[in-house]
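Here is a short briefing on a protein model. Please read it alongside the sequence and the coordinates.

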Amino acid sequence: MTALELHDIHGRYGLLHAVKGISLTLPTGTVLAVIGANGAGKTTLMRMLAGLHPTAAGSVSLFGQDVTLLPAHARLRAGLALCPEGRRLFADLTVRENLQIGAENGCGGDWTLATVIDALPQIAPLLDRPAGGLSGGQRQAVAIGRSLIANPRVLLLDEVSLGLSPAAVEGVYQSLERLRGHMTLVIVEQDLTRAMSFAERLICLSEGVMELDGTPQNLTRGQITDAYFGIHKVEGADA
Ligand code: ATP
């Protein structure tokens, strides 16, 4: 079954054309990494998929339902959650309260406080602490937990490791590894080595265009870095 289908989607900020005609079909359960240089359009794409930025042209389908015009809260209820860059937790609320908000806005299902803590055990001792006092790695784990407890079938993660220590990044990826097979994952990741080892499919954006779509096994590092810097289009990379 297809989890996400993008058909020639475009995103703009006024005259700036940030996402230029991206088409993509993601089978259920895929782990996709999205890479690209600063300003390539990765965050805009994630926000368009989540319904937080308007799709100027083209269409987005979620499990066969056209969601192009659905706002973010309706997409969340339809099973698509975004864990945004910068975490965006409520700093004055406790971790438990942040998670409760995630649950209230989601669609209900197997992910509860207990199962989220099973998947992210580092959250357990933090439950009654204000989110604002946590380290970057802890905040990221809570942000992932808040997305999970909404019971998404598709989870978008924007720059999950940005600004974290290597140990915190390792912790975050160990947590994400536990989600493999349970949902479709789309991860924006700047660290190419990490993206190639974690994802089973990789796309690279450059100036709003999808320059590359393939599997880590079938792409060379040279092809990926060329696409990353927009040096030339790679032909023949399989999806
Ligand atoms: P980064 O890795 O730096 O976050 P990105 O690949 O996520 O980059 P986007 O943040 O999606 O890229 O930006 C794509 C383009 O849209 C860039 O040219 C950026 O300057 C522009 N842009 C992003 N947000 C806005 C905004 N709120 N208003 C105007 N232009 C924006």
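Just after helix H1, Gly 51 has a positive phi of about 85°. This is a predicted model, in which local features need pLDDT of at least 70, side-chain atom pairs count only at pLDDT 80 or more, and totals for chains, interfaces and linings use all residues. Residues are numbered from 1 along each chain as its sequence is written, and side-chain values use heavy atoms, with hydrogens and water left out.

**Helix H1**
- H1 spans residues 42–50 and is mostly covered, with 7 of its 9 residues buried (under 20% relative accessible area, 1.4 Å probe, protein chains only).
- The buried residues of H1 are Lys 42, Thr 44, Leu 45, Met 46, Met 48, Leu 49 and Ala 50.

**Fold and dimensions**
- The protein chain has 8 helices and 10 strands, taken as DSSP runs (helices H or I, at least four residues; strands E, at least two) numbered from the N terminus.
- Its radius of gyration is 17 Å, close to the 18 Å that the globule rule gives for 239 residues, so the chain is as compact as a globular protein of that length; the radius is taken over C-alpha atoms, and the rule is 2.2 Å times the number of residues to the power 0.38.
- Along the principal axes, the C-alpha atoms fill a box of roughly 50 × 40 × 35 Å.

**Packing and surface**
- Of the 239 residues of the protein chain, 51% count as buried.
- Among contacts (heavy atoms within 4.5 Å) with a separation of 6 or more, 68% join residues 24 or more positions apart.
- The protein chain exposes about 10400 Å², of which carbon and sulfur atoms supply 54% (Shrake-Rupley method, 1.4 Å probe).

Terms used:
Buried < 20%, exposed > 50% of the residue type's maximum accessible area, 1.4 Å probe, protein only.
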